[in-house]
Amino acid sequence: MEYKNLKTEDKEIYEAVVGERERQAKTLNLIASENYTSQAVHEATASRLAEKYAEGYPGRRYYSGQKFADQVESLAIERAKELFGAKYANVQPLSGAPANLAVYFALLEPGDTVLGMDLSHGGHLTHGHPVTLPAHVFNFVRYGMKDVTTGEIDYDALREVAKKEQPKIILAGFSAYSRELDYKKFKKIADEVGAISMMDAAHIAGLIAGGALANPLEVGFDVMTCTTHKTLRGPRGGLILSQDEETAAKINKAVFPGLQGGPHMNSIAAKAVAFREAATEEFASYAKKVIANAQAMAEVFTDQKATIIAGGTDNHLMLIDVVESFGIGGDKAQETLEAVGITLNKNAIPDDERSPMDPAGVRIGTPAITTRGFDEEASRELAGLICTLLADPENEALQAQTAEKVATLAAAHPIPNSFV
């Protein structure tokens, strides 16, 4: 895309847009929550649907001129339902946090209890962090890992907390946890205490859609939320899936008019495109490669005696304790790697005593590099470069050598033409 009009009308924004495109092309992205979308998704996002107000739902709008908006949203809903095996879908949430917020306000009363993963063990901000709005309205209690070396969830302790606290929702899901969850155990415990079973699949929605990871809806989960822009390779946005008509109706009312006004119809169109892409054999192959690449990187970190929280990975990400592994903090590790063209994010580890702005860990993910065609060999090479540099971060000669190797890897694995 040449951005001819943007270049003429607003040079400053044009230069930032082009600069970002060049930055992405020349660097390697290991941020677990980022990915590249297809050109078709880009085109839908940039379409005239961006100008259309469509408050309400298909067939029940507040404004006229909805023929094509209704068509787009109906397609997105049907494709999402088919992709994930859900009976109901709301495609309007602006992102993952608003999707979770909508479920809370749809199904809970103020003061109700939610049992979710401890944030330091991999849970998300929206699972009850004190700085978030839900934490001021609802009561969040925690479960976590039994053993951080294996990542096994302490399901016995989870059950005891559930019996004691009687949560209205038991929430599975995470933002920095690398093992597969036992959805049957979650569901059984939820049923025992009469709780709603909810999965936040923000990170692994694409891996579920591609058949590479288990689908919680298939074992009876009541609700699943996700983002559409991580492993699903869609636009920035959220999605809520449910299996009960009454639940779906409450969720719809919570999304609109409860929490949002007019939906972003251009984003919904792009979601529909992404759902269609995710239903292909090509995408299923991609999902499996994401995990294979993550496991290949984990093998290298393990061989280099780096400490991986949970001992490895079953999905697209891993959490490395860089203080224990390399003697540096997460902020220093992030800055060191960004300087040579590798982007990732600093991240707290279980029971981290360091500041959130300089935690003990970094999070590494493989969705974006896999989209660029990385295989297991290239993933291992990249992991080796990371280990070598973090072990000697002040070595200027090594920094230069690593930057050159990263540039070579990036050039050998360009973002595909259909993904720019």
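The numbered points below comment on helix packing, strand pairing and local backbone features in a predicted model.

1. Basis. Because the model is predicted, local features are reported at pLDDT of at least 70 and side-chain atom pairs only at pLDDT 80 or more, whereas totals for chains, interfaces and linings use all residues. Residues are numbered from 1 along each chain as its sequence is written, and side-chain values use heavy atoms, with hydrogens and water left out.

2. The seven-stranded sheet. An open sheet with mixed pairing has the strand order E4-E12-E11-E10-E9-E5-E6, where strands (E, at least two residues) and helices (H or I, at least four) are DSSP runs numbered from the N terminus, and two strands pair if DSSP finds at least two bridges between them. Its edge strands are E4 (88–90) and E6 (139–143), each of which pairs on one side only. Neighbouring strands of this sheet are turned by 20 degrees against each other on average, direction ignored. Strand E5 (residues 113–117) pairs with E6 in the parallel sense over five bridges, and Thr-113 stands opposite Asn-139 in E6.

3. Helices on that sheet. Helix H7 (residues 155–165) packs on the sheet and touches E5, E6 and strand E9 (169–173), with a direction that makes about 155 degrees with that of E6; contact here means heavy atoms within 4.5 Å. Helix H8 (residues 183–193) lies across E6, E9 and strand E10 (196–200), running at about 170 degrees to E9. Axes are lines fitted to C-alpha atoms, for helices over the stretch in contact, and angles run from 0 to 180 degrees between N-to-C directions.

4. Helices H5 and H10. The axes of H5 (residues 96–107) and H10 (residues 245–259) come within 8 Å and cross at roughly 115 degrees. Among the residues that meet are Leu-101 and Phe-105 in H5 and Ile-251 and Val-255 in H10. The residues of this contact divide into 10 nonpolar, one polar and one charged, with Ala, Val, Leu, Ile, Met, Phe, Trp, Tyr, Cys and Pro counted as nonpolar, Asp, Glu, Lys and Arg as charged, and the others, Gly among them, as polar.

5. Helices H16 and H17. The axes of H16 (residues 376–391) and H17 (residues 396–412) come within 10 Å and cross at roughly 165 degrees, and the two helices are therefore roughly antiparallel, a term for angles over 145 degrees. Residues that meet include Leu-382 and Leu-385 in H16, and Leu-398 and Val-406 in H17. By class, this contact has seven nonpolar, three polar and two charged residues.

6. Strand E14. Five of the five residues of E14 (residues 317–321) are buried, so the strand is largely enclosed by the rest of the structure; buried means under 20% relative accessible area, exposed over 50% and partly exposed in between (1.4 Å probe, protein chains only). Leu-317, Leu-319 and Asp-321 point one way, and Met-318 and Ile-320 the other. E14 pairs in the antiparallel sense with strand E17 (residues 361–365) over five bridges, and Arg-363 in E17 is the bridge partner of Leu-319.

7. Positive phi values. Arg-233, in the loop between strands E11 (223–227) and E12 (238–242), has a positive phi of about 60 degrees although it is not a glycine, and Arg-233 is buried, with a relative accessible area of 9%. Lys-305 likewise has a positive phi, of about 65 degrees, without being a glycine, but Lys-305 is exposed, with a relative accessible area of 69%.

Note on methods. Parallel < 35°, antiparallel > 145°, perpendicular 65-115°, else oblique.
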